[in-house]
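Biologist: Could you take me on a close look at one spot in this model, and then work outwards from there? I'd be glad of the cut-offs as you go.

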Amino acid sequence: MKEVLVFPAVEKLSVYLKELLISKTGNVPDGKYLSVALSGGSTPKMVFKHISSDNHCDINWKKIRLFWVDERCVPPEDEESNFNMTRNNLLVNINIPDENIFRIYGENDPEDEAVRYNRILEKNVDPVNAWPKFDIVLLGLGEDGHTASVFPGNNSLFHSTKYSEAVTHPQSGQRRISLTGGVINNAEMVIFVVTGSGKAEIVKRVLEDDTAADLPASQVNPAKGDLIWLLDDRAAGLLNNY
Ligand code: 6PG
């Protein structure tokens, strides 16, 4: 199923995501977990703040295992680190056991870390069709159509036979570890979270322009899962049908 939901503000979008997580954790049997892979960026940062700020009806974080969609190859205290952003905006506000957190070690050698993280995924995320099957993969969208750290033109990464790979940002040269398309498209649910008028053009291209089919974000289409786009009305501003 593919769904595009538009909200008047990121706060409302975050409430929807929070209610979804509450609902999904409520269905997790004893001894099992909801496996969730998080992205970095300013949009996930806003959403993390909102879903963890008001704790009166909280998500049962003890039933969630957190992984990362991608990570910059920097130490975990670095301001560039997706883990550091998540710690400062989500983890500090919630009660989640340390053993439920599977960060990517940005401080490691990138190639070695991709090998280590692939083993972590193999061991801790139940496989379906020989690929780790996340319950939820949360994605951001770059203005160039990248998602995770799969940048335009790097389709070989999207179609890699590995679960994650060490990659290089095409502009900055920054090393990163990124999940590949095989893992992303094997998920039970993929959720794009996109806000702001600056993303309106790329959102329209990915959702309504067939000529954008080769962009990484356009290739996200879980084979046996749900694809949900959570947009604020500014990011949805150029769409024809919303
Ligand atoms: C990263 C992210 C990346 C991000 C998009 C959107 O590590 O930067 O995984 O894919 O989600 O670039 O970022 P913004 O929300 O900051 O535009």
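Modeller: Let's start at Thr180, which, neighbours within four places in sequence aside, is in contact (heavy atoms within 4.5 Å) with Trp131, Leu157, Phe158, Ser160, Lys162, Tyr163, Ser164 and Glu165. Please keep in mind that this is a predicted model, where local features need pLDDT of at least 70 and side-chain atom pairs count only at pLDDT 80 or more, while totals for chains, interfaces and linings use all residues. Residues are numbered from 1 along each chain as its sequence is written, and side-chain values use heavy atoms, with hydrogens and water left out.

Thr180 sits in the loop between strand S9 (175–179) and helix H6 (181–184); helices (H or I, at least four residues) and strands (E, at least two) are DSSP runs, numbered from the N terminus. Its relative accessibility is 0%, so Thr180 counts as buried; buried means under 20% relative accessible area, exposed over 50% and partly exposed in between, with a 1.4 Å probe and protein chains only. The Thr180 side chain also reaches the backbone oxygen of Lys162 at 2.6 Å. That is a polar contact: a pair of N or O atoms within 3.5 Å where, within protein, one must be able to donate a hydrogen and the other to accept it, and residues adjacent in sequence count only if both atoms are side-chain atoms.

Moving on to two alanines, phi of Ala130 is near 70 degrees, a positive value in a residue other than glycine. Ala130 lies in the loop between strand S5 (127–128) and strand S6 (131–132), and because its relative accessibility is 60%, Ala130 counts as exposed. Ala148 has a positive phi too, near 55 degrees, and belongs to the loop between strand S7 (136–139) and helix H5 (155–158). With a relative accessible area of 9%, though, Ala148 is buried.

Ala148 takes us to the ligand: of the 16 residues around the ligand (a heavy atom within 4 Å), Ser42, Arg72, His146, Ala148 and Lys199 come nearest. A backbone N or O atom of Gly40 is 2.8 Å from a ligand oxygen. The side chain of His146 has an N or O atom 2.7 Å from an oxygen atom of the ligand, and a polar side-chain atom of Lys199 lies 2.6 Å from a ligand oxygen. Taken alone the ligand exposes 420 Å², and the protein buries 88% of that; such areas come from the Shrake-Rupley method with a 1.4 Å probe, and for residues only the protein chains shown count as cover.

Helix H3 (residues 82–89) has 6 of its 8 residues buried, so H3 is largely enclosed by the rest of the structure. The buried ones are Asn82, Phe83, Asn84, Met85, Thr86 and Asn89, and their cover includes strand S2 (34–38), helix H2 (42–53), strand S3 (64–68) and strand S4 (70–72). At the start of H3, a side-chain oxygen of Ser81 comes to within 3.2 Å of the backbone nitrogen of Phe83.
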